[in-house]
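Let's take a walk through this structure together, one stop at a time. Keep the 3D view open and turn to each spot as it comes up.

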Amino acid sequence: MVAYLVRRLAYGFLTVLGVLLLLFVLFFTVTEPEDIARKALGERVPPEAIAQWIVNHGYDKPAVLNTEHAVTDVKRYSDTLLFEHYRRMLTFDFGRSDADDAPISGRLLAGIGPSLGLTVPLFTLGLLVGLALALFVAFFRETYIDRSVLVLCMLAMSVAALLYIIGGQYLVGLLLKWFPISGYDPDPSVVARFLALPVLIGVLTGFGGDVRFYRTIFLEETGRDYVRTARAKGAGDMRVMVRHVLRNALIPVLTNIVMAIPFLFTGVLLLESFFGIPGLGAVTVEAIQGNDFSTLRTMVYIGALLFITGQILTDVSYTLADPRIRLK
Amino acid sequence: MLAATIIAACSNNPYPDADQDAKVLYTSFREAPRTLDPAVAYTSTAHHITANVFDTALEYHFRKRPYELIPGLVESVPSPEVREDGRIAYRFTLREGIRFHADACFVRYHGQDQRTRAVQASDFAFALMRLADPAVNSPIRSSLFAVNDFKSFGDRLVSMRMQDKSFAGLPVHEQYEMAGGIDGVLVHGTGTFEIALDQPDAQILYWFALPFTTPTAWEAVAYYDGNEGRERFADHPVGTGPFRLAAYDKQYRFVLAANEDWYGLKSAAPGSIFPSEGEAHDIASGVIDAASVGKPLPFLKRVEFRRERESIPRFNKFLQGYYDAGDIVKESFDSVVQNDRLSPEMADLGMKLEKAAEPTVYYIGFNMDDPVVGRAGGDRSRKLRQAMSLAIDAERYLKLFTNGRGVPAQSVLPPGLFGHDAGYRNPYRQPDLERAAALLVEAGYANGIDAESGAPLKLTFDTGNTTSQAKLQYQFHINAWRKLGLDVQLAVTNYNQFQAKVRRGAYQIFTWGWIADYPDPENFLFLLESSKARSESEGPNTANFKNAAYDRLFRDMEDMPNTEERRRLIVQMLEILERERPWIELYFRENYSLSHAWLRNTKPFGLTYPTYKYVDIDPVKRADLRRGWNAPVTWPLYALALLVIVLVAPGFATFYRERQ
């Protein structure tokens, strides 16, 4: 197990290095630093200020080879954009935003709270609703209940997420007046009001796919011999479905869940952006809109790190769910 | 049951209930300002904060129009005095008892028990030195070059920093001191300072009514340097104003809280008491509440700004009563405004609508350096520009794109400014395609064909705005010109590339707008003065218009008081523009703002910055109306629950019956 983990971590590290190289090519070759500087500083800016900005943000160095230093000098390679990019990312020293000079790590820390506030209830509720509904329809398989839920799922999956958001804001926020249309306030007396609608919409957008996926797995299990044996031994419906079917169907379910956990931290782009929740998803959207390359690089990098973490966690979780699986 | 309990606890009120009876004004912002540094901030979002956090030496009278300067932090509005050396000087004497907002930066330099200090004349001098410092990058730096030694002080700083790295590393207030200060800014003791000018500049006092010249604490600039976890000065304003910035989270919320130590609470300065004089009709029309007159300012305890990136949710929250005032979104315009008045439904809710033409001008410009449309083409190009001007119908443009919000412009001077003539009709701004076609024939471009070469004339409309809405707007102009046979191509690039094109002079036709800094015709007419040409000085004359007669008239007019003689000169200048057509004047923006019944003193600010100290609200009325408008509708939830039971129950029954 330990050897396996070490190997996986090593592979993961190599993948990170590759991602960073890709990021470098994407971000440092497509735009001129002067363009970023003009965008950040505005229209009425003298050339000296632009030059100073480029130096302050470290964009003045050569890309991969600094020919100002001698061939034997390490600085020939280390005093470059590429090296600096690797050093910063690997040491989590993300520097300052290209758009407004604010420290990126501060923004990440500030965004994690609202993001988790949205994603944790969304994830938990989505999982519970998805699993419960899937167990329910698997139990009533091939009845009109099963078929109507499946049709409902297909309908839910066919509607674009954006429509849920706009429709939800209109229906729930404006017409029914249950929750604020959008916005955010961390004040404990009101924060739940702001999160309720996005969580509700998030669950609605996700449940169609989840229910169909879990149902298929559960159906596969309900046909197995052990289920018949359990029934024959007099186990009740609830006990069969929850203790036996659910437990044995955990592996594919776990893959789905554990892969999702790391991304709870990065927030939900659309929901955060449309509801004005200042989480990490909103940070990403804003970085894209505002040509804030340094923030965007960081967010892509963190996304990659979390993805790799998610994969490793999934593998480990298999052994916990099924003692027969050994990682070597 | 659970759902019912949850719904019972539900509310769409985005604010804590505890605030409902407090005098808190709720408003919104779209993007956080890039900077709140008073020397640099130049956007309307920033001014919503800076104009309230920073006091100025002078202010505009809230109720008088045309605008009138009144003393703010100083005892009186200074008059020009001629000094012994022949220079014109203005002497400002500070009021007593003005103190900066309590802040950690003072503790750092003056000890644990000193969280604030009194404002001194030297704080004004420090602010002016920052404006002169090229590293601060103030947008108004060149506007103060009339101050003796202002420009050379900046140049001196730059060269000293270049020569001596250790000098460049010192805190700026020490650098300024070592550079000797600005000769034209003289500090006499703690309470008086004087501005001496190299040349007369009648507009100089207006700059003392803007936050750019607010007294600035050197401690704040030195302390808030962005290092060791400290904020940047650009995000942490330390002023003296009636409000202080109590919370500043760029992602979702700013809060201005009333400053309990404000000088106005202890003095009878004109800017600290609600004015009794002003336009007579403002009380009658309801934009001023008669009960406010003579009361001490400010009325509000807090101003809360919430972030709203999208205009429709913002407007909907306004309709729910959660914002006290709002702009009208395009999509809802017809349901809010009918026949140029508030619709009956909105009037029934007690709303008020105020319209005000803003001191702005939007125009299509020709790059006069261009060989085809510019001055090199002589009479031919002039007639081409005149013909193109005759083709553009600003009224139709406004109907199509702004719901008619705007006044078609006949000249560069908007209403409300000295020199604006409401009766004037510019002969080239009355849409007339026949006359335009005739002019094209005279220019040798009949039907868009160059008579000299026989080839079609090709022109480009350059823009850095890539949104689809903007493209539609440009297409409107292009279609108008197409009716004359002119082939104008739209060249859309991103904003940076467009900027680069403008710097290189590689553009032909463009649109731009201007918002006045102060209420003087000079602030519009200078946009076409040759020394401000973009191609030579990076100035705001983006048309690169250069006309000796215009320049001469401008120089004579700029420092004159508003006399008939000045009006005569302005008429002559406008005649030159009318004939030469470097611009096709499009419109002056008109602001339609909605406010709820509980908001008082909503007189449009127009040119002055939004000073919340004059605004008042009735929180009890607000809470009542909000409650009535926002009772949650719960029956659909019960209906849904019932529907589910009705649908599922027979299935259950059948299933278990069959299993039996």
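Start with a charge sitting on a ring: Arg108(B) lies over the face of Tyr109(B), at 4.9 Å from the ring centre. You can find another such arrangement at Lys151(B), which lies over the face of Phe145(B), this time at 5.8 Å from the ring centre.

Before going further, bear in mind that what you're looking at is a predicted model. For chain B, the average pLDDT is 91, and 98% of its residues score at least 70. As for the complex, the predictor gives an ipTM of 0.83 and a pTM of 0.86.

Over all chains, the structure holds 58 aromatic pairs. Take Trp207(B) and Tyr518(B): their ring centres are 5.3 Å apart and their planes stand at 85 degrees, so this pair is edge-to-face. The two partners come from distant parts of the chain, 311 residues apart. Trp207(B) belongs to the loop between strand E7 (192-197) and helix H8 (218-223) of chain B, while Tyr518(B) sits in the loop between strand E19 (509-515) and helix H18 (522-525) of chain B. Are they buried or exposed? Both Trp207(B) and Tyr518(B) are buried.

Trp514(B) and Phe526(B) make another edge-to-face pair, with 5.5 Å from centre to centre and 65 degrees between the planes. Here the partners are 12 residues apart, with Trp514(B) in strand E19 of chain B and Phe526(B) in the loop between H18 and helix H19 (534-537) of chain B. Trp514(B) has a relative accessible area of 10%, so it's buried. Phe526(B) also counts as buried because its relative accessibility is 10%.

Next, the sheets. One open sheet of chain B has 4 strands in the order E1-E10-E9-E8, with mixed pairing. Its edges are strand E1 (24-29) and strand E8 (243-249) of chain B, each of which pairs on one side only. From one strand to the next, the twist averages 15 degrees. Look at how E1(B) meets strand E10 (residues 302-307) of chain B: they pair in the parallel sense over 6 bridges. Within E10(B), it's Phe305(B) that stands opposite Thr27(B). Across E1, E8, strand E9 (253-258) and E10 of chain B lies helix H2 (residues 44-53), running at about 145 degrees to E8(B).

Another open sheet in chain B has 3 strands, ordered E11-E21-E14, and its pairing is antiparallel. Strand E11 (325-327) and strand E14 (352-357) of chain B are the edge strands, each pairing on one side only. Neighbouring strands of this sheet are turned by 25 degrees against each other on average, direction ignored. E14(B) and strand E21 (residues 590-595) of chain B pair over 6 bridges in the antiparallel sense. Which residue in E21(B) is the bridge partner of Leu353(B)? That would be Leu594(B). A helix lies across strands here too: H10 (residues 311-319) of chain B spans E11 and E21 of chain B, at about 145 degrees to E11(B).

For a hairpin, go to strands E4(B) and E5(B), which have 5 residues between them. In the turn, Gly86(B) has a positive phi of about 90 degrees. The strands themselves, E4 (residues 81-82) and E5 (residues 88-93) of chain B, pair in the antiparallel sense over 2 bridges, and Glu81(B) has Ala89(B) as its bridge partner in E5(B). E5(B) also pairs with E7(B), again antiparallel, over 6 bridges. There, Arg91(B) stands opposite Glu194(B) in E7(B).

Asp618(B) is found in the loop between strand E23 (616-617) and helix H22 (619-629) of chain B. Leaving out residues up to four places away in sequence, Asp618(B) touches Trp598(B) and Arg600(B).

Over in chain A, Thr295(A) lies in helix H15 (residues 293-321). Its relative accessible area is 2%, so Thr295(A) is buried. Not counting residues up to four places away in sequence, Thr295(A) touches Ser97(A), Ile104(A), Val283(A) and Ala287(A).

Terms used. Residues numbered from 1 in each chain as written. Chains lettered and ligands numbered in written order. Predicted model: local features only at pLDDT ≥ 70, side-chain atom pairs only at ≥ 80, totals over all residues. Heavy atoms only, no water. pLDDT = per-residue confidence, 0-100. Pairing = 2+ DSSP bridges. Axes fitted to C-alpha atoms, helices over the stretch in contact; angles between N-to-C directions. Contact = heavy atoms within 4.5 Å. Phe/Tyr/Trp six-rings, centres within 6.5 Å; stacked < 30°, edge-to-face > 60°. Buried < 20%, exposed > 50% of the residue type's maximum accessible area, 1.4 Å probe, protein only. Lys NZ or Arg CZ within 6 Å of the ring centre and 35° of its normal.
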